[in-house]
Amino acid sequence: MRIEGENGNFASPDCRSSSSTGWFPLRPAGNRVLHDAITNIDDSCDDMIENENQSLRDRVADLEKKVQDQTDEIVCLRSTLADVLRRLNNIEGSRVLNNHTSSQSGRTTPSKDGVRLRHQQQQQQQQQHSEVREKRSSSSSSYTPGRSSSATHINRRSAHYQSTSSLYSDGHSSSSVSPAPSPSPTHSQSSSHPHPRPSQSQPQHTLHLHHYPSTPQPPSRHHTPSPSPSRPQHLGALNKRWSSTSDFQVHSPSAISSAGHGALARRTNFGSLYNLNNLRSHTGSQLNLSKLGAREATYNAEEGVVKFYLRGRPINLYVPTDLREEYTPSGPTPPPGTKLKLEWVYGYRGRDCRNNVYQLPTGEVVYFVAAVAVLYNVDEQMQRHYLGHTDDIKSMALHPNKLLVATGQTAGHDRRDARPHIRIWDSVSLNTLHVIGISDMERSVACLAFSKADGGSLLVAVDEAPDHNMSVWDWSRGERGYKLMETKCSADQVLAVDFSPVDRNTIITCGKSHISFWSYENGMLAKRMGIFENRERPKYVTSISFTDTGNVISGDSNGNLLIWQRGGNTVAKWVRSAHEGAVFSIFVQKDGGIITGGKDGRIVLWDRDLSPTGTEMQVPEQYGSPRMITTGRGSQLVIGTTRNSILAGTFDLPLTPVMQGHTEELWGLTVHPTQQQFVTAGYDRNCFLWDTLSRTIVWSKDIGEHAQSAAFSNDGDMLVIGTTSGKWLVMDAETREVYAQYTDGSEPIQVLRFSPNGANLAVGSRDNSISIYQVSEDCRKFSRVGRCQGHSSFVTHLDWSSDSQSLRSNSGDYELLYWNAGLCRQIVQTSQMRDTEWATQTCTLSFHTLGIWPEGADGTDINTCTGANHSAVLATGDDFGKVKIFASPASQQKAGHHSYGGHSSHVTALGFLHDDSRLISTGGRDTAVMQWHVSTSTR
């Protein structure tokens, strides 16, 4: 650089030539001027660059905000459209609903503010247009390969049925309306076997089944899933419907036996995993007859005795006199005209599951309990149910589009029939889109997450096997998805997994003594363990989430909160003892605020830097600790708790229960004799009085003992609760005041039953005896009459005769004994009881229940049965989570029935309401209470 001198010459700042050449050294004053000029220029440049950078950052931030707002608007628009379609589905399917529930036209439907009547005028209008709708439905339900996906999608939207998941079989969905059955992918050799329809009353539709099977069978070793050639790859996940035709099939042994095993094999090719249950229940037992020692029942017409076997033990049953001449034990018995539809599910699984409550933009809260995914609209007091799973659901993830849901289940009783897998389904139509991981999961799907940075194209899952394998799936690629990569995640328990919302190739997992940062590229997963440095390593890292900048927030069992720098595995900030006890949930709001919930029951609001804002609230102790926190409508929060409750509220308004349930094994059930109410009692020491119309808890009471059984008095004013310690309590059914407490030994009280005249109470105990008590003073005083002893095992069921003079009882070793109630003595001449009329039908071993036992059944397979009060219907609950409906009496083997799923554990108790309008079922370890609507189909 040269600077102009006094004579107009230029000189270099470091020039040393003489003045004779016209060049001369600059004086110190010139150096200062030069330095100041350069500094000013640099400052000006820096200011200009900084201003430009700031302007650019502001513009980028504005663009990002606009993109986010537009994304939210798109999600809301899609959700609104989905809600509109759902409501249209309800209208389109109302005619079929009325056909199957014509007796319900004058009944009331509960709403949030009271009881809402169904208008006759609306029903008349629906009947007037039923023919038009039927034509539309039949013309739009078929699928022709090669048609454009958009046209197919539109046609399918216009056809809807009454949900067949409960009316006909164990389907994938339960709601007021379900979409028309879609084509199901299967092998080409199955296309020649059309799926039969159960009855003529159903709409007839042509299904082309040679391209898509319903729930897929396990792939062969060399099978490579590929997308359908008739659909664009990017539209397959949204447009394709995967609805098993088993949803529209009535499964009964008589139908199967008449069709033959070949027809059964062909039919199961089209079904879902549920069809494996049918194959097991209808053919597996026959294949194992020699192994189990089961035999056909034999009938001695001279003595009027039918003999059948349970576990090789003969049981003699006496045929009523009027049936002796014409009775045959193996005669065909058709299934009953009565069917069930799952109407309501009480309960939620929060005690041992995480990240399983989400608010859908349509206003529904989606969660799971047992084998049911529940979509609950609190404002409209309406539930819909996804019933595609065959066993316990253990994990759930919501797609970024807020419409698709992924749920993962555990392995069932039979590893062949109920293998762990993941189902991805549409929250609007309740149709299954993909079933993945059938042959890849070993125990259960512990946790799930959709990717976020790429719009949800990937799904990560962690298996609860010893190695806790983590797999990443391109879930929309083919019907069964495509596994991109898999690796051992950790030798210890994994509690949560999630994708980074900013970095496409980053996955975070946490669990016992670890938090891991994964990056994937070129089909490989690289793992970096979180470094706690000099901080105490927690026993568990219990929760993770992400800030809007991509930093990871973790909570641990010590109550600490940590921020991990984006892209690294070191701690950037540490908040010590944010909670007293473990941090169960971390939720980041759209404005960057952070909400945490801990074992101490506190829900705390933090700013984006994890500085406390001073705002918090406390979850009431009876609901447990917050297990999952998510956003609701507006500023409302939706909270799942460790005591299986779902709450809603804000920091300014108190929390109110949305759903409550039992937390431990559930056995006690009794229905009110005159009202639409019932009581449940479980090992969690809680007794709940439920109302089936408002679908809420009327009252709850902690009795301080593990409850085993329950019974209402004949007038419904008093309630008796039996416990596992041999005690039984008498309380007022309205005020919950305990009037008396009695003790019958030290074993659990298995069954309680009032006599029809209300004068006596029978108490069946696990100590093999039945105690008879005389009732007085309006059921407030009980005096023991005697003790019936003679069983060689614990008492399981008992019934009173209609004249209140006799009892019959079953025991754990398959005995059927009769008793003189007044003398408390066994009636040895059992033949004289053949014509006795019984007030109830709860004994599983009797002549009238012979047909409920499948061939080769273990005597413990059927836990409970009950007869309807005013109709010839018999319901049973078994060890496989099935509720079955038989025609009563079911006195012939292989009796036809309808089977319904939903429970994931043994069904422990059943009860019809006093008017037979609904059936209540309770699950054992799944803690679920299910309310089934009872309808008589029109044929």
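Guide: Happy to! Strands here are DSSP runs of E with at least two residues, and helices are runs of H or I with at least four, numbered from the N terminus. Keep in mind that this is a predicted model, with local features needing pLDDT of at least 70 and side-chain atom pairs pLDDT 80 or more, while totals for chains, interfaces and linings use all residues. Residues count from 1 along each chain as its sequence is written, and side-chain values rest on heavy atoms, without hydrogens or water.

Our sheet is open and has four strands, in the order β16-β17-β18-β19, with antiparallel pairing (two strands pair if DSSP finds at least two bridges between them). The edges belong to β16 (393-398) and β19 (432-436); each has a single partner strand, so one side of each lacks a neighbour in the sheet. On average, neighbouring strands are turned by 20° against each other, direction ignored (axes are lines fitted to C-alpha atoms, for helices over the stretch in contact, and angles run from 0 to 180 degrees between N-to-C directions).

Let's start at β16. Six of its six residues are buried, so this strand is largely enclosed by the rest of the structure (buried means under 20% relative accessible area, exposed over 50%, partly exposed in between, with a 1.4 Å probe and protein chains only). Five bridges link β16 to β17 in the antiparallel sense. The two strands form a hairpin with five residues between them, and Lys-402 in the turn has a positive phi of about 65°.

Five residues lie between the strands, and Ser-804 takes a positive phi near 65°.

The loops are next on our tour. Between β58 (883-887) and β59 (897-900) you will find Pro-889, and the peptide bond from Ser-888 to Pro-889 is cis, with omega near 0°. Glu-777, in the loop between β50 (769-776) and β51 (781-789), has a positive phi near 55° although it is not a glycine. At 54% relative accessibility, Glu-777 counts as exposed.

His-662, by contrast, is buried, at 1% relative accessibility; this histidine sits in the loop between β39 (656-659) and β40 (666-671). Its side chain makes a polar contact with that of Asp-684 at 3.1 Å (N or O atoms within 3.5 Å; within protein, one must be able to donate a hydrogen and the other to accept it, and residues adjacent in sequence count only if both atoms are side-chain atoms). Leaving aside neighbours within four places in sequence, the contacts of His-662 include Asn-644, Phe-688 and Thr-927 (contact means heavy atoms within 4.5 Å).
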